[in-house]
Amino acid sequence: MIDLSLLPDFIAETEEHLEEMESCLLQLESEPDNLNVLNDIFRSIHTIKGSAEFVGLERIAELSHKLENVLDRLRQGEKTVNMEIVDTLIEAKDRIELLVQDLESAQEEKTGIDDIIDRIKKVTGDTGEQDSVRNSQESNGEDYGETAESIETTDALENKTQDEINEDEYYNEEYDEELFEIFLEQLKENISFIKTQTALMKDSDSKVDLFDECVDSISRLKSSANYMGYEKLVLVYEQWISRIKKVTEGLSSGEELFTDFMTDYIKKILKGFPQIEKEDVAAETDSKDGKKEQSRIDDDQDLYDKLGSAFDSSMALNDDYESDLTEEEMEEALFSGKESGLMQLPLIESTHKADDETDDVEEMLFRRDESIPKDPVTTEITEGEPEKSEKDIDLNLRFEINDEEIVQEEIVDQRKGERRKEDRRTDDRRLFDRRKSETSTVVKQSVRVEAVKIDSLMNQVGELVVSRAFFSQVFNEMKDLQQYLKKNVKLNQRDMKPVRDITFKLAEATVALGRVANELQEGVMKVRMLPISQLFNRYPRLVRDLVNDTDKQVQLEIRGEDTELDKMIIEEISDPLIHIIRNAVDHGFETADERKELGKPEIGTLVLEAYHEGNHIVIEITDDGKGLNAELIRTRAVEKKLFTKEEINRMSEKELTRIIMMPGFSTAKKVTHTSGRGVGMDVVKKNIEKLNGTIEINSKPGIQMQLKIKIPLTLAIIPALLVRLGGDIFTIPLATVEETLRIFNHETSTIEGVEVIHLRDCTMPIFRLSELFGITPENLDKNKSFVVIVSTGMQQIGLVVDELMGQQEVVIKPMEDYLQENSGFSGATIIGDGRISLILDVYELVNMTAGRQKKRQKELSFQRIVEGNDGGDYQAPVTVH
Amino acid sequence: MQENIATERDREFEETEGLMQLVGFSIGKELFGVDILMVQEIIREAPITAVPNSPDFVEGIINLRGNIIPVIELRKRLGFFTPEVAAKDSWILILDIKGRITGFNVDSVTEVLKIQESAIEPPPEIVVAGLESQYIRGVCEIDEKLLILLEFNRILLVDEIKKLREMKTS
């Protein structure tokens, strides 16, 4: 059964682990002897396995279990890492990914795993027999094939007696702490359940039922021990179950009931897990009734445990505790420290006493108190108020405890009255030390937050940004008022003073608000920021797969992977980047032989680089392949009737590169086959533009090809240029603004129906926005107009506006889709005075103007045909959509 | 006691069942109604920002406490020929139409009207007040006047609006 409630967490977690695993696997490929990498992979897969079993995902669990086996053998040096194994591992990892995707879409595992498991077996030369041989030889109880395991364990059941199993080695040093906790929790629950059942047995009529319930719970424990990889423990459980079965059979044939073996087992198991007992005790004392049978061991365990914790604390007192020791190591340290401990003797005595005599919890408690006075340190407390101390113990035991440390501390308190404070302090310190070391060992601590929550926070911050703008405006109005009062009302200095004061205060308040708003905005944005390594780390694999089976050699270089950007943008540019990289590898690079002939290094280099540039992130994808073939683009473009021959010949290199991003062009298979680039480049362009980004292509034929993607760091709040058109204010994202000019009307000229200006020896088309939007312009100066040069990365146009209003941070708010689609606006924003300003979608505008341009050209050529009809040989330029 | 409350509630329910509360509003001389449950709020004139290249009947967008909301000139949307009165104090009805918060310009708003649902008649075949029957959910008589219940789901048929705009821009 799959636990659906755990599924989303599982998916998120597993995806992370898989990602990590992939980069490790690729590293392993290049450094087969790196044991650290191997361990990292092992850890990832182990965690996946554990959580998969916990959630109830059989296939993922099985597959990861198999992988674990392989990895373990690699780790042990029984196998050496070779290409085949790495390939298989990668494939298996992909399979797990597929399964996770299944889960995401259908909440169940669909993809089969049999073939991949066969392959793993083949690669490692694994057979069941080998496993079982190894199994009996090894003392390390982890990681064997499941089939082999079952064969082995049944054998073992017959051959091994209980005593042969060393119960102290139930668990391996290497375990996942989180999983271990879950495991302990479950162990605790089930054990206490079994205890209760056992206790009830004596007086119950339905003994067989009770036994059955116990068997159920033991089976559960067994499976959990299995997923933790505690082989020995599994064996113990199996023995237990078979023992119970025998007893129940005996019961039905009228044999006398004896339950001692149950308690023996419990005792035995608990011994292996000292961590659980203290908690166990808490549960125990809660339900005192009918527990004569096991109270003995409980108390035994209880004291054993207290002893342990007492030493634990005294250890902590003595030296700086290494907090990332494993539980086992801690235990070891404890016992080696016995000699120095003060508490040892009396406590052990009490343990014996308890063991021998007690039948009853209460009695037991008294007895312990009696034994305690022998301890010189605690005499005062216990002798003085035995009754109270009993209560104390009771209370402490009843206390529902989650934190081990607290339990220890409390018990220590009782025992070591005088040293109480000291201990607490050391305990605290130890806790602190542990936390500290946790933060330093764990790479980054993170909190999972729903994206929606951050978005709504972002919205609020957006509102704050608007209010900030409002405040500055109020301040400006106040200044105007001050001026007015001074000049027009002619207030004297004394009357002016309060006005000036208020203006000053307002200024201060505005600045303060601005500062807080800025920081808050920055902070919230940072929350959404993630290092781009998240994205880049996916690509080594891609390149590897692409190069595989070709005669090309490509090495991927990643730079600036720590550069951070908005999580949403990361998701959005993932696919375009894949596309670009695929193009570069498929078509950009020459084969190794070709490169040799050309005198280039045989291994091609693909560089992925990210860096910040102002409020933008720039991603550069550079390859040292053959670049674009301008001539081919020209011919294909004409063939495809995208442009006329005259047009194409007039085009600069830069304009030519733009062609490859045109929709019609990209699908041309022939072109892509010979010249490379172009498949789906229009999609790439669209995706980037959707993010308000720009894309630039720099090609040096034969040397290199570079794609430069520039994207704003975040989408929610952008710096923008406000312009006025008639009575309305429009917003142009600053990202697209190249420069602003002021031109005289006579500086414009018209070429083929398009208004152009000359800017630094270039002609640049200009468009009057007022015309485009049907707004009556209100120019301040009839002879001059303002032009905002905007760029889409590949293309620049000038937009004529009435007035430049200044620069401001604006919050983008979406409009209803029927207003926004193809309208030339990407949204709206609220400016300082509460008015709405529409945000121009520069790309859309360029497209719109291009459409208009074509239409106009058509009209013009039509006119020319009509006019030039007599000329005879005049050929109208062919215009094709 | 509990039973009493229950029956009382039942009775109350029976009474309110079949009773519909409408917000009445007028455009020109015609009286219209919209289910009160759809009305999010009614605001006085707000500064409207025109959106270039949008359909004629889209008056523009307004800033409603930080949200951008389109405002539709109902008169134009319904294709009324009633001469546009220079309504100085026009109102904007903010309606929630299947999650799309949209404002509608109307001349005036009346009080809340209660009518029996049974009193609503299906739209007549013939054109009422120069209004296509597809935009009408029903009509009913109130104080000897004809009240037209508008079908706002139809009025704000987004696909249609998109098409209208395409026709305009092409």
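Colleague: How much of chain A is buried?
Modeller: Of its 881 residues, 36% count as buried; that takes 20 or more other C-beta atoms within 10 Å of a residue's own, while 12 or fewer is exposed, in between is partly exposed, and C-beta atoms are placed from the backbone. Keep in mind that this is a predicted model, where local features need pLDDT of at least 70, side-chain atom pairs count only at pLDDT 80 or more, and totals for chains, interfaces and linings use all residues. Residues are numbered from 1 along each chain as its sequence is written, and chains are lettered from A and ligands numbered from 1 in the order in which they are written.

Colleague: OK, and how many helices and strands does chain A have?
Modeller: Chain A has 35 helices and 18 strands, taken as DSSP runs (H or I, at least four residues, for helices; E, at least two, for strands) and numbered from the N terminus.

Colleague: Let's pick a strand. Is β8(A) mostly covered or mostly open?
Modeller: Mostly covered: β8(A), residues 717-725, has seven of its nine residues buried.

Colleague: Which strand do eight bridges join to β8(A)?
Modeller: That's β16(A), residues 803-811, and the two run antiparallel. Strands pair if DSSP finds at least two bridges between them. One bridge there has P719(A) partnered with E809(A). β8(A) also pairs with β9(A), residues 728-733, in the antiparallel sense over six bridges, with R724(A) opposite I729(A).

Colleague: What about the hairpin of β8(A) and β9(A)?
Modeller: Two residues sit between the strands, and G726(A) takes a positive phi near 60 degrees.

Colleague: Switching to helices: at what angle do α25(A) and α32(A) pack?
Modeller: About 150 degrees, with the axes of α25(A) (567-588) and α32(A) (681-690) 9 Å apart. Axes are lines fitted to C-alpha atoms over the stretch in contact, and angles run from 0 to 180 degrees between N-to-C directions. The two helices are therefore roughly antiparallel, the word for angles over 145 degrees.

Colleague: Which residues of α32(A) make the contact?
Modeller: V684(A), N687(A) and I688(A), facing a set from α25(A) that includes H579(A) and I580(A). Contact is when C-beta atoms, placed from the backbone, lie within 7 Å.

Colleague: And how many residues of chain B are in contact with chain A?
Modeller: 18 residues of chain B, in contact with 19 of chain A. On the chain B side, α4(B) gives the most, with four residues.

Technical notes. Parallel < 35°, antiparallel > 145°, perpendicular 65-115°, else oblique. Contact = placed C-beta atoms within 7 Å.
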